[in-house]
Structures are given as C-alpha cells and as structure tokens.
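Keep the sequence and the 3D view open beside the text.

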Amino acid sequence: MSKSKSEAPSFFQRIPHAITMLFGIIVLVTLLTYLLPAGSYERILVDGRSTVVPNSYRTISSTPVGILGMFKSIPLGFKAAVEIIFIVLSGGIMFGFMEKSKAVENAVGTLVRKLGLKNKHMIIVIMTFIYGLLGVAVGYENNIAMVPIAAVLSLALGGDLILAAGISVGAMTIGFGLSPINPYTVGTGHKIAELPMFSGALLRSVLCFTALTIMAYYNVRYFKKITLNPNRSLGKGLNVSNLTLSKPLNEYGLSKGNWMVISIFIMGLLAVLYGVFNLNWYINELSAVFLMVALLSGLASRMSATTMSETVLKAVGLAAPGAFMVGFATSIKVLMEMGNIGDTISHQLSVVLQGLPLYASAICMSISQTVINFFIPSGSGQALATLPVMLPLGESLGLTRQITILAFQIGDGISNLVNPTLGGLIAMLSMCRVPIDRWIRFIFPVLISLLCIAVLALVVAVAINYS
C-alpha cells in the first residue's frame with residue numbers, strides 16, 4: 001500500500017471548505033433555535049446606543065426558525081452586510097486600477113531591489129509590525145485597501161499568498177484586537193465601566209507587542225519552511241494573477257505616472273484617516289474614497305473609457321468570491337436574531353461563571369467571551385450586550401472592572417483570527433485571495449500561542465489586582 005493511501009489525513013486537512021463550514025454553522029444555529037429557550041435582556045439607550053440592563057434577562061415565547069426561514073436568512077444576511085460587501089468590491093476596484101497602472105508592481109519591485117533580497121526576513125518582520133501598528137492606531141476594515149500590497153510584496157520576496165495574509169491580515173487582526181486604544185472594545189468597555197478612557201494601557205501594550213512579535217516570528221518561520229520546500233506551501237493553487245512581478249528586479253523603477261498614482265493613493269489614505277478620526281466616517285465613506293482613488297488613478301494613467309470599464313469588471317470578478325463570503329457569514333447573525341437566542345447564550349455563560357475560583361473565573365470569563373464572539377462578532381456590539389452583565393458579575397467574584405474588560409478584550413480579539421462569522425476578516429482574506437479553511441490551517445499554531453500568552457496576562461492581572 002502506498003504511503004499516501006496508508007496515512008490518514010491530518011486534523012488540518014479535514015477542515016472543510018469555507019462555504020461548507022459556514023453552511024454547517026447556519027444549520028447548527030437553526031437547530032439551536034429549537035433547543036435553546038428564546039430570551040432577551042431589557043435595553044436602554046445610552047448616548048444613542050442600545051445597552052443591556054443588568055439582571056433583566058427573561059425568557060420569551062420560543063421563535064424557532066424553520067427551513068424556509070433558514071434559507072431566507074441568507075439574502076437577509078447580504079442585506080445586513082451590504083456596506084462591508086461593497087467595500088470589498090470598491091477596494092478591489094481601486095487595487096485593480098493601481099495594478100493596471102503598474103504603480104503597485106513597480107513600487108514593490110523598486111522597494112525590494114533597493115533593500116535587497118538578502119534582507120527579506122527583515123522586510124517580513126518590519127512589514128508585520130507596520131500592519132500591526134495600522135490595526136492598533138487606525139482600525140480594522142479601514143485598512144482593507146492595504147492588504148493587496150502585502151500580496152504583491154510577499155510574492156516578490158518568494159513567499160505565497162498565505163504569507164501575505166499573515167503579514168497583513170494576521171498582524172492587523174492582532175493589533176486591532178489587542179490594541180490598548182481600541183475605541184470599539186476597550187473604549188466602549190471603559191465607558192460602560194465608568195473607568196478613565198484607555199486606562200491600564202501598559203499591560204495591554206505589552207500583551208499586544210508580544211502577540212505581534214509571535215506573529216512576526218511565525219511569518220519568518222513559515223517563509224523559511226516554504227523556501228526550503230515549496231511543496232509545504234499552503235498557498236499552492238491559489239490565484240496569483242496580476243500580483244506577481246513580471247520582470248527581473250534590476251529593471252524596476254518608478255515613472256512619473258507611477259508617482260502620480262501612488263500620490264493619489266496616499267492622499268486617499270490621508271483623507272480616510274482624517275475622516276475616520278474627525279468626521280466620524282465609516283464604511284460607506286471609505287468606499288466612496290476608494291472609488292475616487294480608482295477613477296483618479298485611471299485618469300492619471302491615461303486609460304481610455306473602455307479600458308477603465310474593463311478594469312472595473314475584471315476587479316469585481318476577482319473580489320466577488322470574498323464579497324459573497326461576507327454576506328453568507330452575516331446570515332448567522334440574522335439567524336440568531338430571528339431565533340432570539342443570542343441573549344440566552346450570553347445569560348447561560350454568565351451563570352456558569354458564578355462560584356468559580358478567582359483565577360479560574362478570569363480565564364473562564366475570557367473563554368465565554370470567545371464563545372459569544374462567534375455569535376456577536378461586532379466588538380462594540382458584544383461589549384454593549386455582555387459587559388453590563390459581566391462587570392457586576394466580575395465584581396461579585398472578586399475581579400476588578402479592568403480585569404473584566406481585559407478578559408473581554410482577549411476573548412474577542414484573539415478569536416477574531418479564526419472567526420468565520422467576522423465580516424471584516426473574511427473581507428480582508430478575500431483581498432489576499434485566501435480561503436478561510438487554508439487560513440485556519442496556517443494561523444492555528446499562532447492562535448494557540450497567543451491563548452497561552454493571554455492566560456498568563458490574565459493571571460498577572462489578577463495577581464496585581466489590575467485596575
């Protein structure tokens with residue numbers, strides 16, 4: 001018997017295709033609407049946002065979802081996720097124009113030529129931390145336009161699209177999830193807990209830096225592995241068209257037209273940063289800026305109307321699978337709302353925590369937030385739904401409010417690395433053309449390492465009475 005026939009497939013090889021995985025979760029949630037009682041917390045408006053009232057959970061009439069309702073949740077999911085779906089398309093269109101102008105290829109080729117391939121490990125580390133810093137300071141979906149650049153850079157260095165996702169998506173997810181200044185998780189949590197905004201930043205900063213260091217180390221380790229043996233690449237067979245360098249490194253340079261396109265792109269990013277931090281811009285405004293950058297890039301490159309039209313359709317074709325996955329994943333959130341079981345899950349997890357020892361309660365609180373995150377992937381939405389319940393529960397267990405918020409941030413932030421219901425993750429992976437099943441195979445060792453570091457951080461927090 002041959003070796004290939006005698007060896008059973010590994011755990012990672014058994015991970016189903018992304019579509020299969022998400023449809024399985026949809027079926028599971030549908031079944032849960034029959035198995036779990038429907039329930040809800042009372043909610044009040046605080047600064048215009050709906051916030052849970054502690055100790056207000058009550059069961060309501062059961063609302064199980066039938067077969068028709070299950071399939072109806074899919075188009076409703078696309079309707080609910082339309083803003084994120086379109087930013088995937090608009091980001092793809094913008095990158096399509098920049099790729100057509102050769103600005104991205106020439107810029108990356110010139111960068112690698114100047115730094116030299118002998119420094120490629122250093123380039124991977126530096127770029128991992130740069131993308132991590134974007135996650136820390138700028139946000140998550142706000143950085144979606146930066147992801148394809150990592151794809152071109154990774155391939156130019158001799159890596160693959162999986163490495164590109166590690167450099168960009170992995171680093172930004174970690175940076176955003178564990179950021180000491182994350183306005184959606186830490187900021188919302190501190191407001192609910194009535195703590196000074198972004199207080200306790202030192203421990204969070206150390207945790208975030210350590211996590212990004214682990215990500216950078218793993219990226220370099222993976223790169224060395226596939227360099228020695230290309231057959232071990234998890235990116236084999238992925239579509240790399242229009243992402244690879246088309247000529248030798250010594251032939252690369254930047255033309256005036258390339259500089260114009262790059263300048264337009266940088267001005268677009270500066271406009272996004274100003275709008276996000278000063279004008280409360282979000283997804284739709286970012287999509288509009290991306291489309292403006294695409295149009296201006298086409299004009300600066302002197303493309304004809306026909307060429308620009310063909311570029312739009314080609315870019316949409318490449319971005320469409322990722323856009324579909326975003327809508328498909330959002331169906332799960334819609335199902336939870338149809339069955340009224342989201343609050344039930346949050347309530348039951350809080351009940352389990354009661355009576356646990358001090359250190360175990362902090363760790364289990366983070367685990368419970370991880371479970372909830374798969375059903376409520378929005379960081380601020382999860383904070384508003386769970387922290388009003390978890391904060392008084394934590395105090396009754398002997399945990400400070402700062403520890404409860406840290407446990408929430410860790411549970412939410414780290415699990416985002418493998419959360420198939422998180423639209424932003426699916427969207428950015430699609431910009432790297434990486435399906436989530438292959439991503440999970442790549443990132444799983446990092447996830448385990450980060451969970452160990454997170455447990456240590458929680459133990460330290462309890463030991464020092466973190467406040």
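Predicted model: local features only at pLDDT ≥ 70, side-chain atom pairs only at ≥ 80, totals over all residues.

Residues are numbered from 1 along each chain as its sequence is written, and side-chain values use heavy atoms, with hydrogens and water left out.

**Helix α2**

Helices are DSSP runs of H or I with at least four residues, numbered from the N terminus. Helix α2 covers residues 18–35, which is 18 residues. The expected span of a helix is 1.5 Å times one less than its number of residues.

Which residues of α2 are buried? They are A18, M21, L22, I26, V29, T30, L32 and T33. Here buried means under 20% relative accessible area, exposed means over 50%, and partly exposed lies in between, using a 1.4 Å probe and protein chains only. The cover over these α2 residues includes α3 (67–80), α13 (305–339) and α19 (436–463).

**Helices α17 and α19**

Two packed helices are described by the angle between their axes and the distance between the axes. The axes of α17 (residues 401–415) and α19 come within 10 Å and cross at roughly 180°. That makes α17 roughly antiparallel to α19, a label for angles over 145 degrees. Axes are lines fitted to C-alpha atoms, for helices over the stretch in contact, and angles run from 0 to 180 degrees between N-to-C directions.

On the α17 side, I403, L406, A407, I410 and I414 take part; they meet L447, L450, L451, A454, A457, L458, A461 and V462 of α19. Contact means heavy atoms within 4.5 Å. The residues of this contact divide into 13 nonpolar, no polar and no charged. Nonpolar covers Ala, Val, Leu, Ile, Met, Phe, Trp, Tyr, Cys and Pro; charged covers Asp, Glu, Lys and Arg; the others, Gly among them, are polar.

Apart from residues up to four places away in sequence, S366 touches A407, I410, G411 and L458.

**Cysteines**

How many disulfides are there? The count is zero, where a disulfide is a pair of cysteine sulfur atoms within 2.5 Å. The sulfur of C364 is 15 Å from the closest cysteine sulfur, in C452, which is too far for a bond. C432 is in no disulfide either, since the nearest cysteine sulfur, in C208, is 20 Å away.

**Accessibility of single residues**

| Residue | Relative accessible area | Class |
|---|---|---|
| C364 | 28% | partly exposed |
| C432 | 0% | buried |
| A383 | 0% | buried |
| S366 | 6% | buried |
| F198 | 28% | partly exposed |
| R433 | 16% | buried |

A383 lies in helix α16 (residues 379–397). Leaving aside neighbours within four places in sequence, A383 is in contact with Y184, T188, I192, P388 and F408. A383 and T344 are 39 residues apart in sequence and 16 Å apart in space, C-alpha to C-alpha.

**Two positive phi values**

Most residues other than glycine have a negative phi. F198 has a positive phi near 60° and is found in the loop between α9 (183–193) and α10 (201–228). R433 also has a positive phi near 60°, and its place is the loop between α18 (423–431) and α19.

Methods:
Parallel < 35°, antiparallel > 145°, perpendicular 65-115°, else oblique.
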